[in-house]
Amino acid sequence: MKPFANTLRELIALEGPITVERYMSLCVRHYYATRDPLGAGGDFTTAPEISQMFGELIGLWMLEAWSAMGRPHPCRLVELGPGRGTLMADLLRATGLLPDFRAAATVHLVETSPALRLRQQAALASSGASLAWHDSLEDVPPGPLLLVANEFFDALPVRQLVATERGWCERLVGLEDDRLIFGLRAEPERPLGNPLRLGDVLEWPAASVAVMQELSGRIARDGGAALVIDYGYWGPAFGDTLQALKAHAHVDPLEEPGDADLTAHVDFQRLAQAAAEAKARVHGPAAQGGFLAALGIEARAAALKARATPAQAAEIDRALHRLTEKGPKGMGELFKVLAVTHGDLEAVPGLPAPSHPPTV
């Protein structure tokens, strides 16, 4: 076994089975601290790596939101989990259309991975923007902000509760002959009551809710807008969404701890509820394909193709299709977009008012 797997096994042998939430937290922390997981040579590819169009359209969205906010100066331009810095680089290039915004914006990247910070520094070195890195959102200086979080919330740990004859019992990760296995806590979670169907899995994203509460509280206080893009669903729903990717293929979540990308689908309803409880305004969610179409991705693709070679034009078409593809496994449908703003912002580009208002 690899060193991290040994450490994890020793921890469980010493302390007993750990929750899925703790398992996921430990694995994700090690995973991102030790590698650049993106691209063809990594484990997964995100939308900004597929095409520059994605980041450019997010940049135009930021310009519209900034103007609607009254063009505050200064304004904190924040990204949670910036990956290789590709999204921020494309975003900043697009926002160059409005020099006043570039003069007002200071860029803040919330990133804990040393390996990815180096990639971000290289990607943004020629941007001309004022750059700062932080370990958490709490460290970003106060003031109005514009924030984007693309495939950030899916990497935050979730609790898993399984419906049994005893009630809702928390799923644990334990050992059997030095092999990691799933198990259940003997005592049920009493406040949840009795489940309707045995075997159902209920996921509780406490970490995601806490981040959204902090973010939305700040927006309600200081002003601003946040754009959350991730794969997920509008709950409530039952199901085990824990998954692991290694070299762009699905693997057993317990098979390579700390060496595979471990994620869970995002419950956008819970995020919307957390934002509403913090007195922020919620917009959406909408499917990624419809959101990008509303922002003009087809027109942007046509403009790029007008000065492209035939091979480049074909690649632009492939990227457009991939970002907007419909169907349960297509990025255009599986990925959702949610915006959270100060109450004064009644509308934002590409997103309707929520069709299912959060219950507060």
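One stretch to treat with care is residues 355–360, where pLDDT stays under 50. For those residues the model has 8 contacts beyond four places in sequence. Where pLDDT is low, the predicted coordinates should not be read in detail.

| Helix pair | Angle | Distance between axes |
|---|---|---|
| H1 (residues 3–15) and H2 (residues 20–33) | about 155° | 11 Å |
| H8 (residues 206–222) and H9 (residues 268–277) | about 35° | 8 Å |

How do H1 and H2 run relative to each other? Angles over 145 degrees count as roughly antiparallel, and the angle between H1 and H2 is about 155°, so these two helices are roughly antiparallel to each other. Their crossing is right-handed. On the H1 side of the contact you can find Phe4, Leu8, Leu11 and Glu15, which meet Arg22, Tyr23, Leu26, Cys27 and His30 in H2.

Now turn to H8 and H9, whose crossing is right-handed. Here Ser208, Val209, Met212, Gln213 and Ser216 in H8 meet Arg270, Leu271, Ala274, Ala275 and Glu277 in H9. The residues of the contact of H8 with H9 comprise 5 nonpolar, 3 polar and 2 charged.

Next, zoom in on the backbone. Most residues other than glycine have a negative phi, and most peptide bonds are trans. With that in mind, look at some exceptions.

Which residues does a cis peptide bond join, with omega about 10°? They are Gly284 and Pro285, and Pro285 sits in strand E15 (residues 281–287). Another cis peptide bond runs from His73 to Pro74, with omega near 0°. You will find Pro74 in the loop between helix H4 (52–68) and strand E2 (75–80).

Positive phi values turn up too. Asp177 is not a glycine, yet its phi is positive, about 55°. Asp177 belongs to the loop between strand E7 (167–176) and strand E8 (179–184). Is Asp177 buried or exposed? Asp177 has a relative accessible area of 74%, so it is exposed.

His248, also not a glycine, has a positive phi of about 65°. Its place is the loop between strand E11 (243–246) and strand E12 (249–251). Because its relative accessible area is 38%, His248 counts as partly exposed.

How values were computed:
Residues numbered from 1 in each chain as written. Predicted model: local features only at pLDDT ≥ 70, side-chain atom pairs only at ≥ 80, totals over all residues. Heavy atoms only, no water. Axes fitted to C-alpha atoms, helices over the stretch in contact; angles between N-to-C directions. Helix = DSSP H or I, 4+ residues; strand = E, 2+ residues; numbered from the N terminus. Left-handed = near helix turned anticlockwise from the far one by under 90°. Contact = heavy atoms within 4.5 Å. Nonpolar A, V, L, I, M, F, W, Y, C, P; charged D, E, K, R; others polar. pLDDT = per-residue confidence, 0-100. Parallel < 35°, antiparallel > 145°, perpendicular 65-115°, else oblique. Buried < 20%, exposed > 50% of the residue type's maximum accessible area, 1.4 Å probe, protein only.
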